[in-house]
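Here is a briefing on side-chain contacts. It covers salt bridges first, then aromatic rings.

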Amino acid sequence: MTAAPEHSLAGIHLLQGVDRDTVSAFEERCGWRTYTANEQIIDRQSDSRDVFFVTRGKARVVNYSMSGREIAFDDIAAGAFFGELAALDGQPRSANVVTLEPTTVATLSDVAFQELLCDHPEVALVLMRRMARIIRTSVDRIMDLSTLGANNRVQAEILRLARRESGDEGNSATINPVPVHNDLASRVSTTRETVARVFGDLTKKGILERKGNKLIVTDVGRLQGMVEQFRGD
């Protein structure tokens, strides 16, 4: 009997190179749960070690400052996964994960996940490349926080989103959907008002253009030049 799409690992990007029989075997070893919107999946204080595969919906990786301010790191859409750090090193969780909309996840134990990596080197390679991207992005953000003012950090984050969408090809990019000002502010440690001001300024300069729920970066090269000017690259 074929599993329902939300109860199938067929759409998980990490497993795209694995044969269907193997994927089906791991599906049977998974636990499945559906969360409502704004529900916590992982508590940073949790000592769980499972890996989570998102088969439907969207979640967000966040931490909170001592004052309670939310700091967002990434959004996790259907097809992605999270929780691999604790599964690999046995240490506590590094962040909280909360749902943004109704979300279905499959949970795989750390033992089963390590078995998957050992038996399928192609999966381990995909994981290592993903972790390399995360490290590079984290280093860039640390540098931005250390060297850039709030306005320039917003510009740098828009550039980062544009590069992710365009794949470093072409001089224009479409970010879909338009980033929510509060979310962008949380990522770069500034205020919603600052984000709105930067959006307005870049729109006046012809670098940003909004079309419906899409944000068009019309001149990625010019935006990059503005960011590099203040980075000192």
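How many salt bridges does a search of the whole structure find? The search finds 13, a salt bridge being a side-chain nitrogen of Lys or Arg within 4 Å of a carboxyl oxygen of Asp or Glu. This is a predicted model, where local features need pLDDT of at least 70, side-chain atom pairs count only at pLDDT 80 or more, and totals for chains, interfaces and linings use all residues. Residues are numbered from 1 along each chain as its sequence is written, and side-chain values use heavy atoms, with hydrogens and water left out.

- E115 and R29 form a salt bridge, N to O 3.0 Å.
- This pair links distant parts of the chain: E115 sits in helix 3 (residues 110-119) and R29 in helix 1 (residues 20-29), 86 residues apart.
- Helices (H or I, at least four residues) and strands (E, at least two) are DSSP runs, numbered from the N terminus.
- E115 is partly exposed at 33% relative accessible area, and R29 is partly exposed at 42%.
- Here buried means under 20% relative accessible area, exposed means over 50%, and partly exposed lies in between (1.4 Å probe, protein chains only).

**Salt bridges around E157**

- R160 bridges to E157, with the closest N and O atoms 2.5 Å apart.
- Both residues lie in helix 5 (residues 150-166), three residues apart, about one turn of the helix.
- R160 is buried at 17% relative accessible area; E157 is buried at 1%.
- E157 also forms a salt bridge with R187, the closest N and O atoms being 3.6 Å apart.
- R187 lies in helix 6 (residues 181-188) and E157 in helix 5, so the pair ties together parts 30 residues apart in sequence.
- R187 is buried, as is E157.
- Shared partners join R60, D75, R141, D144, E157, R160, D183 and R187 into one salt-bridge network.

**Aromatic rings**

- The whole structure holds two aromatic pairs; rings of Phe, Tyr and Trp (its six-membered ring) pair if their centres lie within 6.5 Å, with planes under 30 degrees apart counted as stacked, over 60 as edge-to-face and the rest as tilted.
- F52 and F82 are stacked, because their planes are at 0°, with ring centres 5.0 Å apart.
- F52 is in strand 3 (residues 51-56) and F82 in strand 6 (residues 81-82), 30 residues apart.
- F52 is buried at 6% relative accessible area, and F82 is buried at 4%.
- F53 and F81 are tilted, because their planes are at 45°; their centres lie 6.3 Å apart.
- F53 belongs to strand 3 and F81 to strand 6, 28 residues apart.
- Both F53 and F81 are buried.

**Charge over a ring**

- The charged end of R130 sits over the ring of F81, 4.4 Å from its centre (the cut-offs: NZ of Lys or CZ of Arg within 6 Å of the ring centre and within 35 degrees of the ring normal).
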